[in-house]
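Subject: Structure handover

Hi,

Here is the structure for your files. My notes follow below it.

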Amino acid sequence: MGTTAILIAVAYGGVVIAGIVLAIILAVSTGGRRRQVDERRLAHRERAWLYIVIAIMLVLLFATIWFTPYGQGNSSGDVVVNVTSRQFFWDIEPKTVPANRKIEFRLTSDDVNHGFGIYDSRDHFVAQAQVVPGKTQKLVHTFERPGRYQILCLEFCGFGHAAMRGEFTVTR
């Protein structure tokens, strides 16, 4: 487990423990006695809890937003691969790309939504992108391992979806 994952786990654990402690304090402080309801005090307490929840959500947001992968595919690639999806095949050009270079896949669809999923020769997931008709989606990835890579459609696109496969080769 990496350092980042440990920090996230500790942060979430701390939030859970703090929530449990606050729930116990609330249960102890409000239980046992019947008394007249002070609506002003109740409204003040409710507002305070709202601010506490907002603060916790903001802390979680800022603690984890830096680890999301969004925006990392915006750079250009050294090699451009044009991929057109159609029911039920992938048209890939060129079919051979070099290893250890940024490969930019330019993905388009001629018919319906498709999910462009790349798997290596060990059937391990590598990368994915959503392919929408009328748009060009860009996916940039650097392949470190030479070999054959398989493309599967990850979005149900019709009766031939299960057979929708493509292939390309990464060379040294």
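Contact here means heavy atoms within 4.5 Å. Helices (H or I, at least four residues) and strands (E, at least two) are DSSP runs, numbered from the N terminus.

This is a predicted model, so to speak for reading with its cut-offs: local features need pLDDT of at least 70, side-chain atom pairs count only at pLDDT 80 or more, and totals for chains, interfaces and linings use all residues. Residues are numbered from 1 along each chain as its sequence is written, and side-chain values use heavy atoms, with hydrogens and water left out.

**Helices**

Helix 1 spans residues 3–30 and helix 2 spans residues 39–64. Their axes come within 11 Å and cross at roughly 170°. (Axes are lines fitted to C-alpha atoms, for helices over the stretch in contact; angles run from 0 to 180 degrees between N-to-C directions.) That makes the two helices roughly antiparallel, a label for angles over 145 degrees.

Helix 1 brings Tyr 12, Val 15, Leu 22, Leu 26 and Thr 30 to the contact. Helix 2 meets them with Arg 45, Trp 49, Ile 52, Ile 56, Leu 60 and Thr 64. By class, eight of these residues are nonpolar, two polar and one charged. (Ala, Val, Leu, Ile, Met, Phe, Trp, Tyr, Cys and Pro count as nonpolar, Asp, Glu, Lys and Arg as charged, the others, Gly among them, as polar.)

**Sheets**

Strands pair if DSSP finds at least two bridges between them. Strand 1 (residues 79–86) and strand 4 (residues 102–109) run parallel, joined by seven bridges. Ser 85 stands opposite Ser 109 there.

Another open sheet has five strands in the order 3-9-8-5-6, again mixed. Strand 3 (96–98) and strand 6 (125–131) each have a single partner, so one side of each lacks a neighbour in the sheet. Strand 8 (residues 147–153) and strand 9 (residues 165–171) run antiparallel through six bridges. Gly 147 faces Val 170 in strand 9.

**Core**

The largest nonpolar core has 24 residues. (Such a core is a set of buried Ala, Val, Leu, Ile, Met, Phe, Trp, Tyr and Cys residues joined through side-chain atoms within 4.5 Å; buried means under 20% relative accessible area, with a 1.4 Å probe and protein chains only.) Trp 90, Phe 105, Phe 116, Ile 118 and Phe 168 have the most contacts inside it.

Best wishes

Technical notes. Angles under 35 degrees count as roughly parallel, over 145 as roughly antiparallel, 65 to 115 as roughly perpendicular and the rest as oblique. Buried means under 20% relative accessible area, exposed over 50%, partly exposed in between (1.4 Å probe, protein chains only).
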